[in-house]
Structures are given as C-alpha cells and as structure tokens.
Amino acid sequence: MSDTVGGPRRRGRPPRTESAGTRDRILAAAREEFSERGYEKTSVRGIAKAAGVDPALVHHYFGTKEQVFEAAIEVAFAPVLGAPEAIGDGPLDGVGERLTRFFFGLWENPATRTPLLAIVRSALNNETAAAVFRRLIAAQLLRRIAARLDLPDAELRAELAAAQLVGCAVLRYVIKAEPLASADPDRIIARLAPVVQGHLTGP
C-alpha cells in the first residue's frame, strides 16, 4: 500500500523499516511549511501533502499541529543549544563576547538563519507557537546557561542576556531596521557584548 496522499490509508503502525524515513520526511516538510507560511497558515494537511503522506500519518507520529511545530523547531533549534558550552569554554570575564559572537554566528549563517527566522516569526505572530518557543528556551537553553554561571539570580541574568540578543536579532533579521540591518556584524558584537556581559556577570 502507498502512504502518499490520494492512495489507500494504512491501518495500524507503518513497518519499522520505513518509520524513521517517513518521520524525517514529515519533519523536513513541516520545517519548510512553517518557514514559508508561518504557524497560522500552516496546516497538518499541508504538511502531509508536502511530505507526500496521508495526514493520518502526521497525527500518528506527532499528534497535533502544535506538537508537529515543537518537534520541528527542536531540530532547527539544535545549533543554538551549543550556547551553554560557549559560555563555559573560557574565563567568566569574556562570557559576554563569546555568547554574543556565537549567537550572531548562527544568524549570519544562511543554513541556520532560515529555520531560526521561521521559529521567531511564528512565535511573534501566534501565542501557541510562542508558548512552544518559551518552553524550549526555558527548558533547554536558559536553565543550562544559568547553571554555567553559578552566580546569584543566574536565571534572571540569563533571561536578560537572551532578551538583549533576541531583541537585536528581531530588529536586524526580521524587521530589518536600518542602520542595524546593514551594520557589520563585528561592529554590532563589539557594542553588544559588553551589555550582555553586564547582564550575565554584573552587580
């Protein structure tokens, strides 16, 4: 039997040999759909069509659209999760520059910028997508950064640093506000890193 749209529906679980490939195909299609259309305009049926599977298979692997979005952005968000290591790899008085340089390195790379744009745009335009983004940020990033700091109010420090960096990214890459959008990345890092350092290790 075929699992393509328009073919007969499968009953029960797909054979184990094809499960991983089908799941990966759905995730890849979901990332493309969310990136191009945003959360609001993306549907499970549209994801299924792009992946060449029956919508029932999308529900089988992931459940609701919210759960598909969460699974898709976890993969796209994976490079960002290296931030705690960037903080820990060196003296504490240079943490602001290391984190800022790491962050902008991801945004300046087209391969990582495209999925990050999809995540941020969806989070800005839809509360469900924003809630998923907040869970991911809190559970997998900010708490790990805070643990590396080992300072009072570490979680608040990490959130303030993240707010500084994400706010700058939204203005530069999403809103494209000038002159920030056209400024040299090294110039931005030089100005922003001391502010991030202050949030993370200041009084």
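Helix α6 (residues 95-108) and helix α10 pack with their axes 7 Å apart, at an angle of about 130 degrees. Helices here are DSSP runs of H or I with at least four residues, numbered from the N terminus, and axes are lines fitted to C-alpha atoms over the stretch in contact, with angles running from 0 to 180 degrees between N-to-C directions. α6 and α10 are therefore oblique to each other; angles under 35 degrees count as roughly parallel, over 145 as roughly antiparallel, 65 to 115 as roughly perpendicular and the rest as oblique. The model is predicted, so local features need pLDDT of at least 70 and side-chain atom pairs count only at pLDDT 80 or more, while totals for chains, interfaces and linings use all residues. Residues are numbered from 1 along each chain as its sequence is written, and side-chain values use heavy atoms, leaving out hydrogens and water.

Now to a second pair. α4 passes α7 in a left-handed crossing. Phe69, Ile73, Ala76 and Phe77 of α4 meet Pro115, Leu116, Ile119 and Ser122 of α7, a contact with seven nonpolar, one polar and no charged residues.

| Helix pair | Axis distance | Angle |
|---|---|---|
| α6 and α10 | 7 Å | about 130 degrees |
| α4 (residues 65-77) and α7 (residues 110-125) | within 9 Å | roughly 135 degrees |

Elsewhere, the structure holds seven salt bridges (a side-chain nitrogen of Lys or Arg within 4 Å of a carboxyl oxygen of Asp or Glu). In one of them, arginine 37 meets glutamate 33 at 2.8 Å, N to O; both lie in helix α1 (residues 16-41), four residues apart.

Two loops deserve a look. Glutamate 178 and proline 179 are joined by a cis peptide bond, with omega about 10 degrees, and proline 179 lies between α9 (154-174) and α10. Aspartate 150, in the loop between α8 (127-149) and α9, has a positive phi of about 55 degrees although it is not a glycine.

Finally, confidence: pLDDT, the predictor's confidence in each residue from 0 to 100, has a mean of 83.

Notes. A crossing is left-handed if the near helix is turned anticlockwise from the far one by less than a right angle, and right-handed if clockwise. Contact means heavy atoms within 4.5 Å. Ala, Val, Leu, Ile, Met, Phe, Trp, Tyr, Cys and Pro count as nonpolar, Asp, Glu, Lys and Arg as charged, and the others, Gly among them, as polar.
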